[in-house]
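Thanks for coming. Please have the sequence and the model open while I talk.

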Amino acid sequence: RFIEQGWSSKELIRYLVTTRAYQMSSDVSARAVEIDPDNLLFSHARTRRVGAESIRDALLTISGRLDTNMFGPGANALAAPGQQRRRSVYLMVRRNFLSPFLETFDAPKPFTTLGKRDVTNVPAQSLALLNDPFVIEQAAQWAEAVLRAEAETDARVRRMFEMAFARFPSDAEMAGSRAYLTDLAREYGQGKDKLVWRDYAQSLFNLKEFIYVR
């Protein structure tokens, strides 16, 4: 039908994302659990993890380092963390020089055919978000930007929640954040705000809400 009407790809995407089905919440009602436990009738959206490239681009976006320029030469997927700025779609793909970070989150290997991507949930993904130098670099950049933009602790926490999750923290999350920041400040000592807020930023990256769409 869409082809017959001469719709462009942008028009088709606009139509899809404005449908009721696309905009459903993943919150499940008691009635839906009772009559449709497997969600075969699509009574609610399925929680899903975003793709590897989207996770990488989200990290760059939040840190303020994403280069949104289009076209041009490809970027080195194995460049130093501070040199990675381009969107993942512009990363050069070389058979023997693949990005370990993207592979961890199920980016397909270019030397085999794949009809559908795997979507795994494995410990290596949490370890990557904890230890990968690229992630640590983006957390540090994000922390510095927030320190410049906000002077008060609560304002910084609210700003970071809004940037990462498009919502403000709950009272419990705010209290937990204050306690964690206090512990970090005690651990690092005075004058180490950048390290304190870098670790806090990285802790937000490690929340499931950051890489899952509900």
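How many helices and strands does the chain have? The chain has ten helices and two strands. Helices here are DSSP runs of H or I with at least four residues, strands are runs of E with at least two, and both are numbered from the N terminus.

Before going on, two remarks on how to read this. This is a predicted model, so local features need pLDDT of at least 70 and side-chain atom pairs count only at pLDDT 80 or more, while totals for chains, interfaces and linings use all residues. Residues are numbered from 1 along each chain as its sequence is written, and side-chain values use heavy atoms, with hydrogens and water left out.

Now the overall picture. From the N terminus on, the order of elements is α-α-β-α-α-α-α-α-α-α-α-β. The C-alpha trace spans about 65 × 50 × 35 Å along its principal axes. Of the 214 residues in the chain, 31% are buried; buried means under 20% relative accessible area, exposed means over 50%, and partly exposed is in between, with a 1.4 Å probe and protein chains only. Contact means heavy atoms within 4.5 Å. Among contacts between residues at least 6 apart in sequence, 50% join residues at least 24 apart.

Next, a helix pair. Two packed helices are described by the angle between their axes and the distance between the axes. Helix α8 covers residues 171-188 and helix α9 covers residues 193-205; their axes come within 9 Å and cross at roughly 140°. That makes α8 oblique to α9. The axes are lines fitted to C-alpha atoms, for helices over the stretch in contact, and angles run from 0 to 180 degrees between N-to-C directions. Under 35 degrees counts as roughly parallel, over 145 as roughly antiparallel, 65 to 115 as roughly perpendicular, and the rest as oblique.

Which residues of α8 meet α9? From α8 they are S177, Y180, L181, L184, A185 and Y188, and they meet L195, V196, W197, R198, D199, Y200 and S203 in α9. By class, this contact has nine nonpolar, two polar and two charged residues. Nonpolar covers Ala, Val, Leu, Ile, Met, Phe, Trp, Tyr, Cys and Pro; charged covers Asp, Glu, Lys and Arg; the others, Gly among them, are polar.

On to single residues. R56 lies in helix α3, residues 52-63. Is R56 buried or exposed? R56 is buried, with a relative accessible area of 2%. A polar atom of the R56 side chain lies 2.9 Å from the backbone oxygen of R86. Not counting residues up to four places away in sequence, R56 touches Q84, R86, R87, S88, L91, F101, L102 and F134.

K109 sits in the loop between α4 (100-104) and α5 (123-131). K109 is partly exposed, at a relative accessible area of 40%. Leaving aside neighbours within four places in sequence, K109 is in contact with L98 and E103.

Last, two backbone angles. Phi of N39 is near 60°, a positive value in a residue other than glycine. N39 is in the loop between α2 (30-35) and β1 (48-49), and N39 is buried, at 3% relative accessible area. Phi of A166 is also near 60°. A166 is in the loop between α7 (153-165) and α8, and counts as exposed at 69% relative accessibility.

Key:
A polar contact is a pair of N or O atoms within 3.5 Å; within protein, one must be able to donate a hydrogen and the other to accept it, and residues adjacent in sequence count only if both atoms are side-chain atoms.
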